[in-house]
Amino acid sequence: MICFEKLKKAFSSFTEKLRQKGEEKSEEPQQTLSNSTTQLVTQEAQKPSSQIEQNEQNRVEEIKNEVEEKKEEPTKEKGSIGSKLNIFNIFRYREIKEDDIDDIIEELRTELLESDVSLEVTDKILEDLKSSLIGKKVNRSEDLDELVKKSLKNSIMEILEKNRFERNLIEEIKRSPKPYVIMFFGVNGVGKTTTIAKVAYMLKKAGLKVIVSASDTFRAAAQEQLAIHCQKLEIPLVKGKYGGDPASVAFDAIQAAKSRGIDVVLIDTAGRMHVDKDLTEELKRIVRISKPNLKLLVIDALAGNDALEQAKYFENVVDYDGVILTKVDADAKGGVVLSLAYELKKPVIFLGTGQNYDDLIPFSVDWFIERIFS
Ligand SMILES: Nc1nc2c(ncn2[C@@H]2O[C@H](COP(=O)(O)OP(=O)(O)OP(=O)(O)O)[C@@H](O)[C@H]2O)c(=O)[nH]1
Ligand SMILES: [Mg+2]
């Protein structure tokens, strides 16, 4: 699965640019430069600290000039045996200053925003990064890479751990009075019906008996689509009439579950636009009648910044316990996961990672970190 490439690239190119800022290259015998740098370090260690900063700065400038001069000198040694490319890391001799990184921080800001990371999350990542870097000295360029990676990983972990889903769903269902009711909703085409089939498959594998309520009576083909999934999964389905009352279908499904000793009812609902007042009222009615134990908002990772809008809208209308983010396998950017996890007061519970029944994974911080940094 190739996903989140844009976010991954934004981070790795920042690291590369920072490394380049710290590097001065010269082609000369390594001895010369290491002699002068060793001298610098020994001399500086013996001086009172008030002088060190100014002297250190001057010496760094001197070394840089030396390096520049050497570059321009037509040297016999160039390319001959014994000459090599010296990489002189400036940040070993003086602290990283805000001025050094301002421009590449701004470039990273643009890239994060283009990767669907929200403004608030972008600000957090960049502030964390600046405070990890400014004022630091590093011995080698590799240490610089590590410093950046550590800061980014910490920020991302803080973001993703802000709202964790602590409940074990399967255990919760097993402990609850039957039937346990889960309702799914979201805007058109985000993957509600497909996700219900995946959840049904997951629950069935865990040994639970499942029934599905086809409470999308709004779209003509919706019930057929669900019927095909239920047939394949060998799960009972309660259908209603096209244009009929979706809350009654849910009610019938719950009654059927009670009489047949079924553990879980999964309620599919019609996709709606934010502005569709009738469908919104209908959603509230299904909630009132079916009293779900768990209300899940389905959001499409490809919705970009609109994902947050959708989440906030549904929070006002019916509220929900968590989010299922679908189509992450097709999401080349990756920022939506961060934005939702940080800006909502609700956890992201599952990720849809493809079109097969087993392409549903519990959301995990480790999984995300692995995608971005491996
Ligand atoms: N790649 C990918 N495609 C998905 C995923 N989940 C759903 N889809 C596809 O998204 C399309 C829409 O899925 P549906 O399940 O019909 O969406 P819906 O929200 O029920 O749509 P409406 O009922 O019309 O509102 C289908 O082609 C699915 O196969 C996923 O995780 N990854
Ligand atoms: Mg549907």
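Let me start with P179, which is found in the loop between α7 (169-175) and β3 (180-185). Helices here are DSSP runs of H or I with at least four residues, strands are runs of E with at least two, and both are numbered from the N terminus. A cis peptide bond joins K178 to P179, with omega at about -10 degrees.

Some housekeeping. This is a predicted model, in which local features need pLDDT of at least 70 and side-chain atom pairs count only at pLDDT 80 or more, while totals for chains, interfaces and linings use all residues. Residues are numbered from 1 along each chain as its sequence is written, chains are lettered from A and ligands numbered from 1 in the order in which they are written, and side-chain values use heavy atoms, with hydrogens and water left out.

Now the overall picture. The protein chain has 14 helices and 10 strands. Of its 374 residues, 50% count as buried; buried means under 20% relative accessible area, exposed means over 50%, and partly exposed is in between, with a 1.4 Å probe and protein chains only. Among contacts with a separation of 6 or more, 80% come from residues 24 or more positions apart, where contact means heavy atoms within 4.5 Å.

E234 has phi near 55 degrees and is found in the loop between α9 (222-233) and β5 (237-238). E234 is exposed, at 64% relative accessible area. D319 has phi of about 65 degrees and sits in the loop between α12 (306-317) and β8 (322-326). D319 is partly exposed, with a relative accessible area of 33%.

Next, the core. A nonpolar core is a set of buried Ala, Val, Leu, Ile, Met, Phe, Trp, Tyr and Cys residues joined through side-chain atoms within 4.5 Å. The largest one has 104 residues, and those with the most contacts inside it are F11, L160, L266, L325, L338, L340 and F368. Helix α10 (residues 246-260) gives the largest share of this core, 7 residues. Domain 1 (5-160) and domain 2 (169-365) both contribute residues, so the core lies between them; the domain bounds come from an automatic or database assignment.

What does L160 touch, if residues up to four places away in sequence are not counted? Its partners are V337, L338, A341, F363, V365 and F368. V337, L338 and A341 are among the buried residues of α13.

On to the rings. There are 6 aromatic pairs in the structure. Rings of Phe, Tyr and Trp (its six-membered ring) pair if their centres lie within 6.5 Å; planes under 30 degrees apart count as stacked, over 60 as edge-to-face, and the rest as tilted. F4 and W367 have ring centres 5.9 Å apart and planes at 85 degrees, so this pair is edge-to-face. The pair links distant parts of the chain, since F4 is in the segment before α1 (5-22) and W367 is in helix α14 (residues 365-373), 363 residues apart. Both F4 and W367 are buried. The rings of Y313 and F314 have centres 5.1 Å apart and planes at 80 degrees, so they also make an edge-to-face pair. Y313 and F314 are both buried. Ring pairs also join F4, W367 and F368 into a cluster.

K162 lies over the face of Y342, 4.4 Å from the ring centre, and K346 lies over the face of Y320, at 5.1 Å.

T195 lies in helix α8 (residues 192-205) and has a relative accessible area of 2%. Beyond its neighbours within four places in sequence, T195 is in contact with F184, V298, I324, T326 and L360. D331 is in the loop between β8 and α13 and counts as buried, at 2% relative accessibility. Leaving aside neighbours within four places in sequence, D331 is in contact with C3, F4, A301 and L302. D331 and D300 are 31 residues apart in sequence and 9.3 Å apart in space, C-alpha to C-alpha.

Note on methods: Lys NZ or Arg CZ within 6 Å of the ring centre and 35° of its normal.
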